[in-house]
Amino acid sequence: MLINLLLGTVVISLTVIIHTLGLVVVANVMNRIAERHPLHGYRRKVSAMVAVMYGLFALHSAEIWIWAAVYWYLDAIQNFENALYFSAITFSTLGYGDSLLQQDWQLLAGLEGISGFLLIGWSTAYLVAASTRLGPFQAEKHF
């Protein structure tokens, strides 16, 4: 159990660092599009929001791949394809139950679920803030 907690803490720390740095990059790209892009009005704002969505999707994909690599490296699941599928459904907290880790590593999956829940929530908060600040929505008009 202790190894699960320690390894989970390391992977969570890594994904939080990636998420933090990734949000900085996403914010910079969004600001560049919103301020310097030749498009005008809503097209510029929509372009900025599309960039945010792709950036967030890329961040979550990278984080899912990291967890999958850990499962595969530990030989906790039979192959990398299954590890990636398991990681995606665990990170997103869907948890279908049709794919399971070896019993020794199940606590690690719980930690991934908590991590994914928090990181997706953080991304949602960022998306709302971005859409009201630079995106096509304005706080006074749409909320």
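In the predicted model, helix 2 and helix 4 each contribute at least two residues to the lining of the largest pocket. Helix 2 supplies the largest share of this lining, 6 residues. The volume of the largest pocket is about 230 Å³. Its lining is formed by Met53, Leu56, Phe57, His60, Ser61, Ile64, Ile120, Ser123, Thr124 and Leu127. Sorted by class, these lining residues comprise 6 nonpolar and 4 polar residues, with no charged residues.

Serine 123 illustrates how the lining is connected to other parts of the chain. This residue belongs to helix 4, which spans residues 106–133, and is one of the residues that line the largest pocket. The relative accessibility of serine 123 is 5%, and the residue therefore counts as buried, the cut-off for that class being under 20%. When neighbours within four places in sequence are set aside, the contacts of serine 123 are His19, Leu56 and His60. Among the residues of the pocket lining are Leu56 and His60.

The protein chain contains 5 helices and 0 strands, and its pattern along the sequence reads α-α-α-α-α. Of its 143 residues, 37% count as buried. Among contacts between residues at least 6 apart in sequence, 66% join residues that are at least 24 apart. A separation of 24 residues in sequence is found between asparagine 28 and valine 52, whose C-alpha atoms lie 9.9 Å apart in space. Asparagine 28 is located in helix 1, residues 2–36. With a relative accessibility of 39%, asparagine 28 is classed as partly exposed, because this value falls between the limits of 20% and 50%.

Aromatic pairing was examined next. A pair of aromatic rings is described by the distance between the centres and the angle between the planes. The count comes to 4 aromatic pairs. One of them joins tryptophan 67 and tyrosine 71 in a tilted arrangement, with a centre-to-centre distance of 6.2 Å and an angle of 35 degrees between the planes. These two residues are 4 residues apart in helix 2 (residues 41–73), so about one helical turn separates them. Both tryptophan 67 and tyrosine 71 are buried.

The pair of tryptophan 72 and phenylalanine 80 has another geometry: the ring centres are 5.8 Å apart and the planes stand at 85 degrees, so the pair is edge-to-face. That assignment follows because planes over 60 degrees apart count as edge-to-face. Tryptophan 72 is partly exposed, at 49% relative accessibility, and phenylalanine 80 is also partly exposed, at 25%. Together with Trp65, the residues Trp72 and Phe80 form one aromatic cluster.

The average pLDDT of the protein chain is 87, and 90% of the residues score at least 70. Confidence is highest in helix 3 (residues 80–91), with a mean of 96, and lowest in helix 5 (residues 139–142), with a mean of 57.

Notes: Residues are numbered from 1 along each chain as its sequence is written. This is a predicted model: local features need pLDDT of at least 70, side-chain atom pairs count only at pLDDT 80 or more; totals for chains, interfaces and linings use all residues. Side-chain values use heavy atoms; hydrogens and water are left out. Rings of Phe, Tyr and Trp (its six-membered ring) pair if their centres lie within 6.5 Å; planes under 30 degrees apart count as stacked, over 60 as edge-to-face and the rest as tilted. Buried means under 20% relative accessible area, exposed over 50%, partly exposed in between (1.4 Å probe, protein chains only). Contact means heavy atoms within 4.5 Å. On a 1 Å grid over the protein atoms alone, a cavity is a set of points where a 1.4 Å probe fits but cannot get out, and a pocket is an open set with protein on both sides within 12 Å along at least five of seven lines; lining residues have an atom within 4 Å of a point. Grid points are joined across faces, edges and corners, and a volume is the space filled by probe spheres set on the points. Ala, Val, Leu, Ile, Met, Phe, Trp, Tyr, Cys and Pro count as nonpolar, Asp, Glu, Lys and Arg as charged, and the others, Gly among them, as polar. pLDDT is the predictor's confidence in each residue, from 0 to 100.
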